[in-house]
There are 2 protein chains.
Amino acid sequence: MEIVGFVAAFLTTAAFLPQVYQTWKTKDVTSLSMPMLTMFFVGIILWLIYGISINSPSMIVANSITVISAFMLVYFKIKYAKK
Amino acid sequence: MEIVGFVAAFLTTAAFLPQVYQTWKTKDVTSLSMPMLTMFFVGIILWLIYGISINSPSMIVANSITVISAFMLVYFKIKYAKK
């Protein structure tokens with residue numbers, strides 16, 4: 001079943017990339033809510049810890065990549081909100 | 001460690017609700033990309049199958065709820081894109 005996890009990991013990870021790219025390109029962060037981004041970022045970190053604890057390769061891979069996407073969105077929100 | 005999974009489940013599930021609410025309220029789906037929504041929706045279904053297969057209560061709960069959020073966003077995108 002690990003293959004199902006890896007396909008899931010690929011799909012949900014890849015689904016965030018257009019959002020990161022669009023935000024980076026347009027610098028438009030008005031429609032992104034900070035509480036939402038923060039909850040999501042912390043949630044992904046916890047999923048990563050959980051994935052490590054239950055020894056799930058696909059969860060570890062997926063959340064290691066998604067945590068970077070989530071971090072970048074939080075960073076963009078802070079950086080571009082001031083302008 | 002299941003508690004970490006449940007907190008993660010709560011955070012990432014709740015992070016999607018403002019997006020669903022905002023889209024339902026504004027009927028504005030222009031900034032949502034259909035390929036992204038579809039990938040995400042299919043990805044969540046696969047995470048749910050994976051969660052069941054590895055017997056992870058927090059993954060089953062989280063993805064059962066998130067699959068509804070993802071489905072609603074796909075539905076809104078189809079419904080409001082035509083207007």
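Visitor: What makes residues 59-78 of chain A helix or strand, and how far apart are the end C-alpha atoms?

Guide: Helices (H or I, at least four residues) and strands (E, at least two) are DSSP runs, numbered from the N terminus. Over residues 59-78 of chain A the assignment is 100% helix and 0% strand, with the end C-alpha atoms 28 Å apart. Please note that this is a predicted model, in which local features need pLDDT of at least 70 and side-chain atom pairs count only at pLDDT 80 or more, whereas totals for chains, interfaces and linings use all residues. Residues are numbered from 1 along each chain as written, chains are lettered from A in the order written, and side-chain values use heavy atoms, without hydrogens and water.

Visitor: Where does UniProt place the feature "transmembrane region" in chain A?

Guide: The unreviewed UniProt entry places it at residues 32-52 and 59-78 of chain A; such annotations may be inferred rather than shown by experiment. Residues 32-52 of chain A are 90% helix and 0% strand, and their end C-alpha atoms lie 29 Å apart. Chain A as a whole has 3 helices and 0 strands.

Visitor: How many residues of chain B are in contact with chain A, and what is the buried area between them?

Guide: Contact means heavy atoms within 4.5 Å, and 31 residues of chain B meet it with 32 residues of chain A. Buried area is the accessible area (1.4 Å probe) that two parts lose on being put together, summed over both; here that is about 2,600 Å², 80% of it on carbon and sulfur atoms. In chain B, B:Met39, B:Trp47 and B:Tyr50 lose the most area to chain A, together 24% of what that side buries.

Visitor: How many salt bridges does the rule find across the interface of chain B and chain A?

Guide: The rule requires a side-chain nitrogen of Lys or Arg within 4 Å of a carboxyl oxygen of Asp or Glu, and it finds 0 salt bridges between chain B and chain A.

Visitor: Why is the relation of the copies called that of a two-fold axis?

Guide: The copies are superposed by least squares on the C-alpha atoms of residues with pLDDT of at least 70 in both. Chain B is laid on chain A by a turn of 180° and a shift of 0.0 Å along the axis, with an RMSD of 0.0 Å. That is therefore the relation of a two-fold axis. Moreover, 100% of the interface residues of chain B are also interface residues in chain A, so the copies meet through the same surface.
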